[in-house]
Amino acid sequence: MSMFNGVYQVNVRVRDIQKATKWYVEVLGFSIHKDFGDTVVLRTDHGGGTPLCLIAMPEGELSDRNAENGSHQVIQISSEGAELCQEYLKEKGASIIDGSKAHFRFKDPEGNLLEAYLPGLYEDENYAHLR
């Protein structure tokens with residue numbers, strides 16, 4: 001028996017909480033669920049899912065966003081947005097690192113590494129053209 005029920009939230013540390021919140025809301029389509037000033041809890045408009053929390057880094061604190069362990073957040077692409085997601089993010093200032101149309105890594109304006117993934121991409125033949 002596991003003592004855990006799942007992932008409660010995903011934290012992304014940022015230098016400019018207001019600018020980051022604006023980008024995550026306007027570009028990635030998250031909604032502000034709670035705003036505690038130095039922590040902003042975001043959710044998708046689709047209801048459920050794991051909340052994404054933007055957490056302000058204290059001034060002078062070094063970030064480990066370029067850590068060599070490869071840890072990063074994966075954001076689920078909706079099936080409706082899969083065709084245009086990567087191109088849209090490029091237009092909005094995201095830096096695409098690598099990957100396919102519906103499974104790729106990118107950086108937000110603060111340099112945080114994120115991954116976008118369409119669930120079922122490799123199992124469902126209807127998504128073969130997006131691989």
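**Close-up views of a predicted model**

**View 1. Trp23, Tyr24 and Phe30 make up one aromatic cluster.** Start here, and keep in mind that this is a predicted model. Across the structure, the count of aromatic pairs comes to four. Two of those pairs get views of their own further down.

View 2. Two elements give two or more residues to the lining: β5 (73–76) and α2 (85–91). Which of them gives the largest share? That's β5, with four residues. Sort the lining by class and you get 13 nonpolar, 10 polar and two charged residues.

**View 3. Phenylalanine 104 and phenylalanine 106 bring their rings together as an aromatic pair.** To describe a pair of aromatic rings, you give the distance of the centres and the angle of the planes. For phenylalanine 104 and phenylalanine 106, the centres are 5.8 Å apart and the planes sit at 45 degrees, so this pair is tilted. Are these two side by side in burial terms, buried or exposed? Phenylalanine 104 is buried, at a relative accessible area of 1%, and phenylalanine 106 is buried as well, also at 1%.

**View 4. Tyrosine 117 and tyrosine 122 form a stacked aromatic pair.** Their rings are 6.3 Å centre to centre, with 20 degrees between the planes. Because planes under 30 degrees apart count as stacked, that angle settles the label. Tyrosine 122 has a relative accessible area of 44%, so it is partly exposed.

**View 5. Asparagine 112 sits in the loop between β7 (103–107) and β8 (113–117).**

**View 6. Alanine 56 belongs to strand β4 (residues 52–56).** Arginine 13 shows up again in this view: its C-alpha atom and that of alanine 56 are separated by 5.8 Å, although the two residues are 43 residues apart along the chain. What does alanine 56 touch, leaving aside its neighbours within four places in sequence? It is in contact with Val14, Ile17 and Asp38. With a relative accessible area of 23%, alanine 56 is partly exposed.

How values were computed
Residues are numbered from 1 along each chain as its sequence is written. This is a predicted model: local features need pLDDT of at least 70, side-chain atom pairs count only at pLDDT 80 or more; totals for chains, interfaces and linings use all residues. Side-chain values use heavy atoms; hydrogens and water are left out. Ala, Val, Leu, Ile, Met, Phe, Trp, Tyr, Cys and Pro count as nonpolar, Asp, Glu, Lys and Arg as charged, and the others, Gly among them, as polar. Rings of Phe, Tyr and Trp (its six-membered ring) pair if their centres lie within 6.5 Å; planes under 30 degrees apart count as stacked, over 60 as edge-to-face and the rest as tilted. Buried means under 20% relative accessible area, exposed over 50%, partly exposed in between (1.4 Å probe, protein chains only). Contact means heavy atoms within 4.5 Å.
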